[in-house]
Amino acid sequence: MSTSDSACNAHGGAFPRSVWEGHYYDGQSAERQAVTVTIAVGGLSIRKTDGSIHWWSSSEVRRSLGSGASAPVRLEHGHPLPATLVIADPAFLTAAAQIDPPGRLGKPAASRWWTLAAMAVGTVVAGAVFYLWLLPAAGEAAAEVMPVSWEEKLGPMVVSTLAPPGIRCADPQLESAMSEVIRALTADEPPSPYTIRVYLVDQPVVNALAAPGGYIVVYSGLVRMTNSPHELAGVLAHELQHVFQRHSSKGLMRSLAFWGLLSLVLGDTSGLLVQVAGTVSQLRYQRADEESADREAMRMMGRARLDRKAMVTLFRKLERQAGEMPQVLRYLSSHPLPADRTAYLEAMAAQPAPPIRPLLANLRWPPDFSLCRVSGGSGEARAGGNRNESSAAKRAPAGRRPEQNRRSVWFREWAPAGDLQPAEPATNAFPMFFLGHSLR
Amino acid sequence: MTLLGEYLKLVFLSLGTIGIYSFWGRTNVRRYLMNSIELMGDRFAYHGTGGELFIGWLKGMGVFLVLVAQLFLWPWLLGEREGGIAGMIIFYLSFFLLIPIVIVSAMRYRLSRTSWRGIRFSFTGRAGEFMAPWFGGFVLTVITLGIYLPYFSNRTYHYLAKHTFYGDVQFDYDGKASDLMASWVLCWILTIPTLTLSSYWFSVRQLNYQWDHTRFGVARFRSQLKFLEMLGLAIGTTLCIVITLGLGLAWAQIWNYRYYFNRLFLEGELQPAAIRQRAAAASTTGEGLSDVLDVDIGLGM
């Protein structure tokens, strides 16, 4: 039985020690005074070396939390700038709890290892729930509420950068070909609020891009790689799915929700590690969107009775063109690996389909781009504006509108047919974080 | 409660409260870390509250929303094109203008909530005084492609140090930028070959220099950080955090603090009995008009 911090009384129990050594700081100067502290019922008696005594009533004593269970005990008393008492030995608190329980100077329970473990597990689980479900759901919900007119303001900004009027292909024949493909793909689809605008750019880039609001840019490099109009239809189907599923807006909202929550929790998102982790996680969402666009495009091709195998052929060509990509880079990529895309598209195309209908049968393929600079076209192939109005009225009489259409009706800006203007490229210098979804 | 426990609680409860708890959680972390620093047998203490941090964040949000709102105001007033450009210019310029204000406000807040032996620190600098030299220095640094940086850094540190008080005693700084120019030029030349590691080397050197020339009364600070050791520490802590998916942040913080403060010394005589609490310190405890600018918007932990 140690005699240094307890003494045996006549009944054989132990008295908690009531006299402790400490240091006192009066809050007027930085001087440190050695004191003797006596724990009494109702408070603390502090005796200085010059004999003077301070009395701190328990109800007025504040304990300031410090760095853990083994740190010196720190007590404050008074306002607005308190006097401070520091006792090096944390056992003081145990003694105080026993002598003066109502004084509430007792030691709070030390955190047990299983509390920590439970919180660690809880954090991981909560984090997973947020990341895998809540943030994407919040992004989707927010994007559903975003008006189409807002998206239609964002689209032109992307287009003005990537397809400024100077490099657009203005050949009327190609424009009408594009419109025809869009029409073929969307004729049997439910009406959508989007006016699809396709811009063809005569550059040797093998890619195509969808911006918010129905703005699509296709590069002639990609068109030249196709062997049939059906392959081009596959490309446009993929981009149309980005438009219809509002991937750009959802990505934007998801991103905002993600970084907003992260900055609140961590307080500072400027660290490199946080940036990298954040970007990698956004890429994962984007890959999921790309795969969804691929699959839905394939289904769209099927519904339009176009050649689904053509889409596979095209993606195989793109895969060969891309060359070898190390598997490990798949997590840094904004798109699924080309080999994976070809694989799942092939699996889908293997299923039986209705007979294929012809597409652009009168046009030589690949098309001729030499007439691109011929004026006469607007540089924009449009489809879907007028059609929505009339077919929406035909297809969905009031009271029987499909769910999708009902939502879109809120935000669709109805304009008389013929008044739909080609989009003016926006000239304000809004920061160009990239809002488009490319093919690859 | 250990630091790991505080961090876990911070993340776990913040997720549950969509971030609201983070102000209190981060305050707990600050309090823990501040209390782990010891000088002459006494520990430092942090007196900030989660509520103050939350209000500071609200103020910051308010300013941000006003700036965003004005982006929409100008196009409406001046037309799409000019309005858009005017809005963007004002938006970015305002953020830039806010930097020195935030520096001064954060210093004032943090120092006034820090104490040692019951006596509080304080900061008497004002944003109005600080902005002009800060901008001048920034512009000169950009114009000279960075050569001016030691002067800019020195002037900034000088201002911040000389306006810092512990109790009623002022800190002092007698460093000169010219002492560091040789190192800086060397660093600047080697920036590309060393893939910017040389600028890290310079920043360690500068930090040591600045501490070495900071005085408090007749006592002097001395800092003995070593570049290679810090580099190793940075790599080690990053690995730790990555491997543990963030849970290792607590250990990383402790290692950083332990390294840094074990190499910071105060040499010379202190006369604690002669250091008095500043009467003005009473008003920086959260009340009063000065509180409006006395703000920590919560950047960083």
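These legends walk through several close-up views of a predicted model.

**View 1. Chain A, taken as a whole.**
Start with an inventory: chain A holds 12 helices and 14 strands. Of its 440 residues, 48% are buried. If you look at contacts in chain A between residues at least 6 apart in sequence, 67% of them join residues at least 24 apart.

**View 2. Three strands, S3, S4 and S9, in chain A.**
Strand S3 of chain A covers residues 19–25, strand S4 covers residues 33–40, and the two pair in the antiparallel sense over 6 bridges. To find your place here, look for Glu21(A), which stands opposite Thr36(A) in S4(A). S3(A) is also joined to strand S9 (residues 83–87) of chain A, by 3 bridges, and this pair runs antiparallel. The landmark for that pairing is Tyr25(A), whose bridge partner in S9(A) is Thr84(A). As background, strands of a sheet pair through backbone hydrogen bonds, either parallel or antiparallel.

**View 3. An open sheet of 5 strands in chain A.**
Read across the sheet and the order is S13-S10-S12-S11-S14, with mixed pairing. S13 (381–383) and S14 stand at the edges with a single partner strand each, so one side of each has no neighbour in the sheet. Two helices of chain A lie across these strands. Helix H4 (residues 172–186) lies across S10 (196–201) and S13, running at about 25° to S13(A). Helix H6 (residues 229–244) lies across S10, S11, S12 (215–219) and S14, at about 20° to S11(A).

Where does Ser438(A) sit? Its place is in strand S14 of chain A, residues 437–438. S14(A) is joined by 2 bridges to strand S11 (residues 208–211) of chain A, and the two run antiparallel. Within that pairing, Ser438(A) is the bridge partner of Leu209(A). Is Ser438(A) buried or exposed? With a relative accessible area of 15%, Ser438(A) is buried, because the cut-off for buried is under 20%. The side chain of Ser438(A) reaches the backbone oxygen of Arg440(A) at 3.2 Å. Leaving aside neighbours within four places in sequence, the contacts of Ser438(A) include His238(A), Glu239(A), His242(A), Glu290(A) and His335(A).

**View 4. Nonpolar cores.**
The largest nonpolar core has 51 residues, and Leu185(A), Ile216(A), Val218(A) and Leu236(A) touch the most other members. Zoom in on Leu236(A): not counting residues up to four places away in sequence, this leucine touches Met178(A), Val181(A), Ile182(A), Leu185(A), Ile216(A) and Val218(A). A second, separate core has 27 residues, including Leu111(B), Phe121(B), Phe130(B) and Ile275(B). In soluble globular proteins, nonpolar side chains tend to be buried together.

**View 5. A helix of chain A against a helix of chain B.**
Helix H2 (residues 113–145) of chain A packs with helix H1 (residues 3–16) of chain B at an angle of about 35°, their axes 9 Å apart. The crossing of H2(A) and H1(B) is left-handed. From the H2(A) side, residues including Leu116(A), Met119(A), Ala126(A) and Phe130(A) take part, meeting residues of H1(B), among them Leu8(B), Val11(B), Phe12(B) and Leu15(B).

Helix H8 (residues 197–212) and helix H9 (residues 227–243) of chain B cross at roughly 115°, and their axes come within 10 Å. This crossing is right-handed. H8(B) brings Leu197(B), Tyr200(B), Trp201(B) and Val204(B) to the contact, while H9(B) brings Phe227(B), Met230(B), Leu231(B) and Ala234(B). Asn208(B) also lies in H8, and counts as buried at 12% relative accessibility. The side chain of Asn208(B) makes a polar contact with the side chain of Ser223(B) at 2.6 Å.

**View 6. Gln70 of chain B, in a helix.**
Gln70(B) is found in helix H3 (residues 50–78) of chain B and counts as buried, at 9% relative accessibility. The side chains of Gln70(B) and Trp74(B) make a polar contact at 2.6 Å. Not counting residues up to four places away in sequence, Gln70(B) touches Gly87(B), Ile90(B) and Phe91(B). Gln70(B) and Phe91(B) are 21 residues apart along the chain, and their C-alpha atoms are separated by 8.0 Å.

Terms used. Residues numbered from 1 in each chain as written. Chains lettered and ligands numbered in written order. Predicted model: local features only at pLDDT ≥ 70, side-chain atom pairs only at ≥ 80, totals over all residues. Heavy atoms only, no water. Helix = DSSP H or I, 4+ residues; strand = E, 2+ residues; numbered from the N terminus. Buried < 20%, exposed > 50% of the residue type's maximum accessible area, 1.4 Å probe, protein only. Polar contact = N/O pair within 3.5 Å; in protein donor to acceptor, adjacent residues only side chain to side chain. Contact = heavy atoms within 4.5 Å. Core = buried A, V, L, I, M, F, W, Y, C linked by side-chain atoms within 4.5 Å. Pairing = 2+ DSSP bridges. Axes fitted to C-alpha atoms, helices over the stretch in contact; angles between N-to-C directions. Left-handed = near helix turned anticlockwise from the far one by under 90°.
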